Amino acid sequence: MRSTLTHIGSVATGLSLAGLLMAGCGSTAQAAPAPAAPDTATAAMPGMAMTPTSVTAANAADAKVLIDSYKFGPDKLTVPVGTTVTWTNNDADEHTVVAKDETFRSGSLAKGQSFQYTFSKAGSYDYLCSIHPFMVATVVVTG
């Protein structure tokens, strides 16, 4: 019985000593911070890509429109005069890019194909997919 109590006392002393050593090293136990709550304004459902509805392109690298899930994304793109906009089809079905005022018109774009147009005049250019006319969007060109 005495040896059991001695062993328990040694373990307790060891634990106390370990605690003192950690305290002496400046280590303190702290709870891990709680994870931040998701921003519900921008959080997406798992597996769902979020496409901005309006984008202002600061440079040519930002002047891209992705055709995906039978939508143009973004559906409103603002660019300065002289910008080349690139549309890329990411859908399995073919699509077109046609300005309502006939300023520009692509041929049929298969998956992975792109169409480019350089905007030389300021204005608002509404366009659609002539195959799927419910797909509509706008490029706003600033002077």
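## A buried threonine to start

At 13% relative accessibility, T86 counts as buried, where buried means under 20% relative accessible area, exposed means over 50% and partly exposed covers the range in between (1.4 Å probe, protein chains only). You will find T86 in strand β5. Setting aside neighbours within four places in sequence, T86 is in contact with A63, K64, V65, S114, F115 and Q116; contact here means heavy atoms within 4.5 Å.

## About the model

Please keep in mind that this is a predicted model, in which local features need pLDDT of at least 70 and side-chain atom pairs count only at pLDDT 80 or more, while totals for chains, interfaces and linings use all residues. Residues are numbered from 1 along each chain as its sequence is written, and side-chain values use heavy atoms, with hydrogens and water left out.

## Overall layout

The protein chain has one helix and nine strands, arranged along the sequence as α-β-β-β-β-β-β-β-β-β. These elements are DSSP runs numbered from the N terminus: helices are H or I with at least four residues, and strands are E with at least two.

Of the 143 residues in the protein chain, 26% count as buried. Its accessible surface is about 9,400 Å², with 60% belonging to carbon and sulfur atoms; the areas come from the Shrake-Rupley method with a 1.4 Å probe. Among contacts with a separation of 6 or more, 44% join residues 24 or more positions apart.

## How the strands pair

Let us turn to β9. This strand is mostly covered, with five of its seven residues buried. Strands β4 and β9 pair in the parallel sense over five bridges, and P80 has T142 in β9 as its bridge partner. Two strands count as paired if DSSP finds at least two bridges between them.

Strand β8 also joins β9, this time running antiparallel over six bridges. Here G123 stands opposite V141 in β9.

## The nonpolar core

The largest nonpolar core contains 21 residues, and those with the most contacts inside it are F72, V85, W87, V97, F104, F119 and Y127. At least two residues of this core come from each of β2 (64-68), β4 (76-80), β5 (84-89), β8 (123-128) and β9 (136-142). The largest share, three residues, is supplied by β9. Such a core is a set of buried Ala, Val, Leu, Ile, Met, Phe, Trp, Tyr and Cys residues joined through side-chain atoms within 4.5 Å.

## Aromatic pairs

The structure holds 12 aromatic pairs. The rings of W87 and F119 have centres 6.5 Å apart and planes at 55 degrees, so this pair is tilted. W87 lies in strand β5 and F119 in the loop between β7 (114-118) and β8, so the pair ties together parts that are 32 residues apart in sequence. Both W87 and F119 are buried.

Ring pairs link F72, W87, F104, F115, Y117, F119, Y125 and Y127 into a cluster. For the cut-offs, rings of Phe, Tyr and Trp (its six-membered ring) pair if their centres lie within 6.5 Å; planes under 30 degrees apart count as stacked, over 60 as edge-to-face and the rest as tilted.

## One salt bridge

Side chains of opposite charge can pair when their charged atoms come close. The count here is one salt bridge, defined as a side-chain nitrogen of Lys or Arg within 4 Å of a carboxyl oxygen of Asp or Glu. R105 forms a salt bridge with E102, and the closest N and O atoms are 3.2 Å apart. R105 is partly exposed at 48% relative accessibility, and E102 is partly exposed at 49%.
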